Amino acid sequence: TTVTGHGPANVPIILADVTFGGAILGTTVINSQGAFKFELSQPLEAQHRIGITLAELVGTGLTPADFHDKRFYGDEAFTVPQEGFFFDTCLIQ
């Protein structure tokens, strides 16, 4: 299973299963062209919501506050109590 998208270059991100308590499905860094790809070894579960959030920013020169701008938010961005903020999410069909 592959999940792809676009975002600001050189930002480390996490793909999480929002439905399953924010379980981490993978981590990657958005490349210099602004694209990312997660190659998952397991299929995504139907009716689960996946989401993108920031990974560890130490050493990047970035802070979470750098992303408090709606231009970084996807159509289904939201906060999940006790899990955090997801910049975009998608319900798996």
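## Two loop residues with positive phi

Asn10 sits in the loop that links β1 to β2. In this predicted model, the phi angle of Asn10 is near 65 degrees, a positive value in a residue that is not glycine. Gln47 is another residue to look at, and its place is the loop between β4 and β5. Here phi is near 70 degrees, again positive in a residue other than glycine.

For background, most residues other than glycine have a negative phi.

## Strand β4 and its two faces

Let us move on to strand β4, which covers residues 35–39. Its covered face carries Phe36 and Phe38, while Ala35, Lys37 and Glu39 belong to the uncovered face.

Strand β1, residues 2–6, runs antiparallel to β4, and 5 bridges join the two. You can find one of these contacts at Thr2, whose bridge partner in β4 is Glu39.

## Aromatic pairs

The structure contains 6 aromatic pairs. One of them is formed by Phe36 and Phe38: the ring centres are 5.7 Å apart and the planes meet at 70 degrees, so this pair counts as edge-to-face. Phe85 and Phe87 make another edge-to-face pair, with 4.8 Å from centre to centre and 90 degrees between the planes.

How exposed are the members of that second pair? Phe85 has a relative accessible area of 25% and is therefore partly exposed. Phe87 has 13% relative accessibility, so Phe87 counts as buried, the cut-off for buried being under 20%. Phe85 and Phe87 also belong to one aromatic cluster, together with Phe67, Phe72 and Tyr73.

## The largest pocket

Rolling a probe the size of a water molecule over the atoms shows where empty space is left. In this model, the largest pocket has a volume of about 390 Å³. Its lining is made up of 23 residues, and those nearest the centre are His6, Phe36, Ile52, Phe87 and Asp88.

By residue type, the lining of the largest pocket divides into 15 nonpolar, 7 polar and 1 charged.

Notes
Residues are numbered from 1 along each chain as its sequence is written. This is a predicted model: local features need pLDDT of at least 70, side-chain atom pairs count only at pLDDT 80 or more; totals for chains, interfaces and linings use all residues. Side-chain values use heavy atoms; hydrogens and water are left out. Buried means under 20% relative accessible area, exposed over 50%, partly exposed in between (1.4 Å probe, protein chains only). Helices (H or I, at least four residues) and strands (E, at least two) are DSSP runs, numbered from the N terminus. Two strands pair if DSSP finds at least two bridges between them. Rings of Phe, Tyr and Trp (its six-membered ring) pair if their centres lie within 6.5 Å; planes under 30 degrees apart count as stacked, over 60 as edge-to-face and the rest as tilted. On a 1 Å grid over the protein atoms alone, a cavity is a set of points where a 1.4 Å probe fits but cannot get out, and a pocket is an open set with protein on both sides within 12 Å along at least five of seven lines; lining residues have an atom within 4 Å of a point. Grid points are joined across faces, edges and corners, and a volume is the space filled by probe spheres set on the points. Ala, Val, Leu, Ile, Met, Phe, Trp, Tyr, Cys and Pro count as nonpolar, Asp, Glu, Lys and Arg as charged, and the others, Gly among them, as polar.
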